[in-house]
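Let's take a walk through this structure together, one piece at a time. Keep the 3D view open and follow along.

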Amino acid sequence: MLKKLHKIIGLSVCIIIIHLAVTGIILMYPHTFRLHDTYFTSNFIYSLYDMHKPSEVKALESSNDLGLVSSKIIVSDMVLETNIKDIISLLKKDNYIYILNSKSLTVIEEKDYGLQIIKESPLSFVAISLGTSNDQVFLKSVDDEYYRIHNDLRILLNEANNIKYKKSNLIIPNKELSNYFLNQVQGPGIQALRLFADLHNGRFFGPVVMIIFFISSFFIIFLAISGAYMTIRPSIKRYYYRSKKKKRL
């Protein structure tokens, strides 16, 4: 009965044992397999690890050093998490970066040591874009009204209609620039060391496979114990048999 159970369980978990052995060998020699220097950047990997994809990156049309990834603003090599949802427009003027969603305007000041939010203004109207006119920053509302941002960052309704509004556009940048902005936010991708570690422990496949791996661990322990028992048992039986035979003589 024990031998039959040993064979059934062994056949059931043999693929998992092979998987653990192969990934374990690779993890034992990370330098040989270049696990520290290799990164994976496919969309499937990004989705699996809930990371941003190149298609989610946006950049200011008139600038290559101002990017947007979800709610993160990237200026050159500086990143700021704004926690602003549904950003619809960006504009950079002098040392100020204006961030707009339909309900609020946020102003960031760029300094030598980093980025700092200096003002957050809720809007009494629904905004649709940011732009400039006569070297001043304007907001455009859904009702085609224009609001001027004063030097002290107050938002004032512009009653004059003779403005030459130039909209600030967000675009999807080229692949090289997208990867640059992504690298600032989340690194060059998923490191091979992390990927193989997650393959080894089952996290790569999700919670169901992790439970299967957990249960299989007990089966492997059983296989080790039952295999050792079936191997040693005949020797023990022969030893006791000889001992009894000697006592009889």
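Start at serine 133, which sits in strand S10, a run covering residues 127–133. This is a predicted model, and in it serine 133 has a relative accessible area of 2%. Because that value lies under the 20% cut-off, serine 133 counts as buried. What does serine 133 touch, once neighbours within four places in sequence are set aside? Its contacts are Phe138, Ile163, Lys164 and Tyr165.

The side chain of aspartate 135 forms a salt bridge with that of lysine 93, at 4.0 Å from N to O. Are the two partners buried or exposed? Aspartate 135 is exposed, at 62% relative accessibility, whereas lysine 93 is buried, at 18%.

Lysine 93 brings us to S6 itself (residues 89–93), where four of the five residues are buried, so the strand is largely enclosed by the rest of the structure. S6 runs antiparallel to strand S7 (residues 96–101), and five bridges join them. One of the pairings is lysine 92 with isoleucine 97 in S7. The two strands make a hairpin with two residues between them, and aspartate 94 in the turn has a positive phi of about 55°. Lys92 also takes part in a network of salt bridges with Asp65 and Glu110.

There are eight salt bridges by count. Among them is the one between arginine 154 and aspartate 152, at 2.7 Å from N to O. Arginine 154 is partly exposed, at 41% relative accessible area, and aspartate 152 is partly exposed, at 41% as well. Aspartate 144 pairs with lysine 140 at 3.7 Å, and aspartate 144 is exposed, at 51%.

Next, look for an open, antiparallel sheet of five strands, ordered S5-S4-S3-S2-S15. S5 (78–81) and S15 (170–171) stand at its edges with a single partner strand each, so one side of each has no neighbour in the sheet. Within the sheet, S2 (residues 57–60) and S3 (residues 66–69) pair over three bridges, and alanine 59 has glycine 67 as its bridge partner in S3. Helix H3 (residues 175–186) lies across S2, S3, S4 and S5, at about 110° to S2.

Finally, turn to helix H5 (residues 207–248), which holds phenylalanine 219. Phenylalanine 219 is partly exposed, at 34% relative accessible area. A nonpolar surface patch includes Phe219 along with Ile211, Phe214, Ile215, Phe218, Ile221 and Ile225, with about 710 Å² of accessible area together.

Notes: Residues are numbered from 1 along each chain as its sequence is written. This is a predicted model: local features need pLDDT of at least 70, side-chain atom pairs count only at pLDDT 80 or more; totals for chains, interfaces and linings use all residues. Side-chain values use heavy atoms; hydrogens and water are left out. Two strands pair if DSSP finds at least two bridges between them. Contact means heavy atoms within 4.5 Å. Axes are lines fitted to C-alpha atoms, for helices over the stretch in contact, and angles run from 0 to 180 degrees between N-to-C directions. Patches are made of residues with over 30% relative accessible area and no salt bridge: like charges are joined within 9 Å, nonpolar side chains (Val, Leu, Ile, Met, Phe, Trp, Tyr) within 5 Å. Accessible areas come from the Shrake-Rupley method with a 1.4 Å probe; for residues, only the protein chains shown count as cover. Buried means under 20% relative accessible area, exposed over 50%, partly exposed in between (1.4 Å probe, protein chains only).
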